[in-house]
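Dear colleague,

Please find below the structure that I am handing over to you, together with its sequence. My notes on what was found in it follow.

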Amino acid sequence: MLILGIETSCDETGVALFDDEQGLLAHALFSQIDMHADYGGVVPELASRDHVRKLLPLCDQVLAEAGKTRKDLEGIAYTAGPGLIGALMVGGSVAHALGFALDIPVLGVHHMEGHLLAPMLEDNPPEFPFVALLVSGGHTQLVRVDGIGEYEMLGESVDDAAGEAFDKTAKMLGLDYPGGPRVAALAEKGRDGIYRFPRPMTDRPGLDFSFSGLKTFTLNTVNAARDNGNLDEQVKADIALAFEAAVVDTLTIKCKRALEQTGCKRLVIAGGVSANKRLRAGLEKMAAKLRGSVFYARPEFCTDNGAMIAYAGAQRLRAGQRDGERIVSVPRWPM
Ligand code: KG4
Ligand code: ZN
């Protein structure tokens, strides 16, 4: 079954072609980051308009790359939510219009399920069951995964997501959006042990997270350094490192707890923050001690992309799931 996957939930237009038997045939991404950078974050109306401009050309581009035409398509999957309503509606409208014209099934899929399954596109995919840590700009969740659609929420952030904390820390340090990769790059120049930031909610049982207190702690540290007149590049790097170390430690402690609690040996990390090198290293060290293993996608499939939507959609379309005639766009949608 040849599936076209469409991702337009936020600021990346992602398109991919996935075939059940041959795997991923082609994928393309247009990032709107430069357009939104002047505003310090994503402007929803600009995002929608740019998806309108880019989506169909990208669809034709991946078809051409794979030596296929629209007529070869056997199903279409698009991100139905969660995300920006206007941006989601662009992907949903194009998916349904194409599906109607070609008379093939169409299915809206959950963006976080896409992230969760992205490591399945790699050479050594994890077997079920596994524990998944979903860490993106909008979500921080621990999920037990027993199969496609068999998800048990083990814990989640009660306030900010880990990615959001990275983005806000970046802003405090005068770095551009999106902040995660920039904070990580700055942290490389930081000195160990200059600052120690809290590891929120690790001293009590449970698998929930909270990152808003850490954000405030970071802000207070930045302000104090500025008031003392020593907020130079080195101090900024020291703060970035202390912040990153606190996030990584916190996530690692909770992942260890989740593996022990479920008895699972496999840990999957997905979502934008799973591209973070220090996080990968921390989790791998922890998992090795438990004789477990960590799985993640290549960096370009950690952040938003069409391949993960094509893959997730293919699993569900093959199982006979499809939308009715209505376009499904759900800005807030628990998994
Ligand atoms: O999954 P994603 O692309 O979009 C959402 O669904 O939210 O995640 C984006 C988030 C942003 O907050 C970004 O700063 C963060 O992932 N991010 C990173 C890194 N790369 C992206 N955070 C830390 N380290 C990175 N290398
Ligand atoms: Zn995402």
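Is Asp-238 buried or exposed? In this model, which is predicted rather than determined by experiment, Asp-238 has a relative accessible area of 1%. Asp-238 is therefore buried, since the term applies to residues under 20%. The residue belongs to helix α8, which spans residues 233–262. The side chain of Asp-238 is in polar contact with the side chain of Arg-191, at a distance of 2.5 Å.

The ligand site

The shell around ligand 1 consists of 19 residues. Those closest to ligand 1 are His-115, Gly-137, Asp-167, Gly-180 and Gly-272. By residue class, the shell comprises five nonpolar, 12 polar and two charged residues. Three helices each supply at least two residues of this shell: α4 (111–117), α5 (162–172) and α6 (179–187).

- Asp-167: an N or O atom of the side chain is 2.6 Å from an oxygen atom of ligand 1.
- His-111: an N or O atom of the side chain is 3.1 Å from an oxygen atom of ligand 1.
- Gly-272: here a backbone N or O atom lies 3.0 Å from an oxygen atom of ligand 1.

On its own, ligand 1 has 550 Å² of accessible area, and the protein covers 86% of that area.

Helix α7

Helix α7 is formed by the 16 residues 212–227. From the first C-alpha to the last, α7 reaches 22 Å, close to the 22 Å expected at 1.5 Å a residue. Which residues of α7 are buried? They are Leu-214, Lys-215, Thr-218, Thr-221, Val-222 and Ala-225. These residues lie on the same side of α7 because they cover an arc of only 125 degrees around the axis.

Backbone features in the loops

Two cis peptide bonds may be of interest when you inspect the model. One runs from Gly-81 to Pro-82, with omega near -10 degrees. Pro-82 sits in the loop between β4 (75–81) and α3 (85–102). Another cis peptide bond joins Tyr-177 and Pro-178, and its omega is about -10 degrees. Pro-178 is located in the loop between α5 and α6.

Asp-103 has a phi near 55 degrees, and its place is the loop between α3 and β5 (106–110). What is the relative accessibility of Asp-103? The value is 71%, so Asp-103 counts as exposed, the cut-off being over 50%. For Arg-291, phi is near 60 degrees. Arg-291 is part of the loop between α9 (277–289) and β10 (293–296), and at 75% relative accessibility this residue counts as exposed.

Individual positions and distances

Asp-192 is situated in the loop between α6 and α7. With a relative accessible area of 68%, Asp-192 is exposed. Asp-192 and Arg-318 are 126 residues apart in sequence, and their C-alpha atoms are 50 Å apart in space.

Leu-142 lies in strand β7, which covers residues 140–147. The relative accessible area of Leu-142 is 0%, so this residue is buried.

Gly-320 is found in the segment after α10 (306–318). Its relative accessibility of 43% makes Gly-320 partly exposed. Along the chain, Gly-320 and Pro-44 are 276 residues apart; between their C-alpha atoms the distance is 33 Å.

The contact between Asp-238 and Arg-191 could be viewed next.

With kind regards

Notes. Residues are numbered from 1 along each chain as its sequence is written. Chains are lettered from A and ligands numbered from 1 in the order in which they are written. This is a predicted model: local features need pLDDT of at least 70, side-chain atom pairs count only at pLDDT 80 or more; totals for chains, interfaces and linings use all residues. Side-chain values use heavy atoms; hydrogens and water are left out. A residue is near a molecule or strand if one of its heavy atoms lies within 4 Å of it. A polar contact is a pair of N or O atoms within 3.5 Å; within protein, one must be able to donate a hydrogen and the other to accept it, and residues adjacent in sequence count only if both atoms are side-chain atoms. Accessible areas come from the Shrake-Rupley method with a 1.4 Å probe; for residues, only the protein chains shown count as cover. Helices (H or I, at least four residues) and strands (E, at least two) are DSSP runs, numbered from the N terminus. Ala, Val, Leu, Ile, Met, Phe, Trp, Tyr, Cys and Pro count as nonpolar, Asp, Glu, Lys and Arg as charged, and the others, Gly among them, as polar. The expected span of a helix is 1.5 Å times one less than its number of residues. Buried means under 20% relative accessible area, exposed over 50%, partly exposed in between (1.4 Å probe, protein chains only). The arc is that of the directions from the helix axis to the C-beta atoms.
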